[in-house]
Amino acid sequence: MKLFVDVGNTALKWRHRDGDRVIQGGRAHGRDWRTALDEPLAPGADLDTIWIASVAGPEADERIAALVREHTGRSPCFYYSRERDFGVRSCYPEPRRLGVDRWVALVECWQRFGAGIIIDCGSALTIDAVDGEGEFLGGYIVPGLGMLRNALLRDTADVHVERARPRLGLGRSTGECVHNGLLRMSVAFVTDVVVELRERLPDTCKVLVTGGDADELSAAFSFEFLHLPDLVLDGLERVAARQE
């Protein structure tokens with residue numbers, strides 16, 4: 001059985017694959033790696049290969065590797081961003097500094113669809129683009145919805161925000177004003193970037209949406225898109241398959 005792990009800034013997602021049989025899950029990690037890995041490394045999982053894409057940093061990667069060895073007796077394989085791989089070429093002067101989650105998403109996008117725009121609605125909201133020749137054109141990183149809400153509430157002590165379902169409309173309470181305003185701001189930013197990039201990319205290019213806040217944000221998008229919640233795990237599985 002193979003294990004694939006996507007370690008993000010706030011969440012850890014995993015996938016077991018045994019032939020055509022797939023089991024996967026995930027949770028917020030809070031940098032408590034032992035707890036976050038309990039389920040994917042549970043006794044009874046006869047793992048012969050473990051692949052990890054991590055943006056948690058070198059110390060966290062060392063701790064994760066030690067826990068994998070402790071549970072399985074095997075050393076995991078970490079995949080990091082490269083100057084070029086699977087037909088995609090990075091535009092970063094230091095390719096390794098590109099988050100590997102963004103890189104494997106670019107690889108998966110280009111391998112499956114060719115030119116594309118990737119919107120990752122996670123703790124950070126990122127937008128990346130790859131053209132029909134496999135050139136990574138660059139991207140944007142801004143705070144995600146959760147980070148925006150937390151920053152607003154932290155820095156405005158007198159704003160008391162009740163839970164509300166965000167929508168693109170005027171709010172009629174402080175909570176609605178906050179939630180609706182942040183949603184509109186984020187959707188406007190994404191839409192503006194998509195319009196800009198579609199002027200540079202082929203008309204047939206796909207817009208792929210992933211990340212934990214994808215449902216909330218994409219419900220307000222006015223353009224066509226594909227929701228691929230496991231895009232990073234799919235990309236990691238693709239690059240791992242070539243190595244074996």
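This short talk walks through a predicted model, from its strands and sheet to its pockets, its cavity and a few single residues.

Before I start, a word on conventions: residues are numbered from 1 along each chain as its sequence is written, and side-chain values use heavy atoms, with hydrogens and water left out. Since the model is predicted, local features need pLDDT of at least 70 and side-chain atom pairs count only at pLDDT 80 or more, whereas totals for chains, interfaces and linings use all residues.

Let me begin at the N-terminal strand. Helices (H or I, at least four residues) and strands (E, at least two) are DSSP runs, numbered from the N terminus, and two strands pair if DSSP finds at least two bridges between them. Strand S1, residues 2–7, is mostly covered, with 5 of its 6 residues buried; here buried means under 20% relative accessible area, exposed means over 50%, and partly exposed lies in between, with a 1.4 Å probe and protein chains only. S1 runs antiparallel to strand S2 (residues 11–18), to which 6 bridges join it, and a hairpin of 3 residues leads from S1 to S2. S1 is also joined by 6 bridges to strand S4 (residues 49–54), this time in parallel.

Turning to the open sheet, 5 strands with mixed pairing follow the order S10-S9-S8-S11-S12. Strand S10 (136–143) and strand S12 (226–227) stand at the edges with a single partner strand each, so one side of each has no neighbour in the sheet. Helix H3 (residues 100–113) packs on this sheet, where it touches S8, S9, S10, strand S11 (206–210) and S12, and its direction makes about 40° with that of S9. Contact means heavy atoms within 4.5 Å, while axes are lines fitted to C-alpha atoms, for helices over the stretch in contact, with angles running from 0 to 180 degrees between N-to-C directions. Within the sheet, strand S8 (residues 116–121) and strand S9 (residues 124–130) run antiparallel and are joined by 6 bridges, with Asp120 standing opposite Thr126 in S9.

Which residues touch Thr126, once its neighbours within four places in sequence are left aside? They are Arg102, Ile118, Ile119, Asp120, Tyr140 and Ile141. Thr126 counts as buried because its relative accessible area is 8%.

Now to the empty space. Rolling a probe the size of a water molecule over the atoms shows where such space is left. On a 1 Å grid over the protein atoms alone, a cavity is a set of points where a 1.4 Å probe fits but cannot get out, a pocket is an open set with protein on both sides within 12 Å along at least five of seven lines, and lining residues have an atom within 4 Å of a point. Grid points are joined across faces, edges and corners, and a volume is the space filled by probe spheres set on the points.

The largest pocket has a volume of about 720 Å³ and is lined by 31 residues, with Gly8, Asp101, Asp120, Gly122 and Ser123 nearest its centre. Helix H4 gives the most to this lining, with 3 residues. The second largest pocket holds about 190 Å³ of space, and its lining includes Ser54, Asp61, Tyr80, Arg96 and Arg97.

The structure also holds 1 cavity of 30 Å³ or more. Asp101, Arg102, Ala105, Ile118, Asp120, Thr126, Asp128, Thr210 and Val232 line the largest cavity, with H3 as the element that gives the most, at 3 residues.

Arg31 lies between strand S3 (21–28) and helix H1 (33–36); its phi is near 60°, a positive value in a residue other than glycine, and at 46% relative accessible area Arg31 is partly exposed. Phe86, in the loop between strand S6 (84–85) and strand S7 (88–89), likewise has a positive phi, near 50°, in a residue other than glycine, but Phe86 is buried, at 18%. Finally, Ser173 sits in the loop between helix H4 (145–155) and helix H5 (174–198) and counts as partly exposed because its relative accessibility is 23%. The C-alpha atoms of Ser173 and Arg112 are separated by 44 Å, with the two residues 61 apart along the chain.
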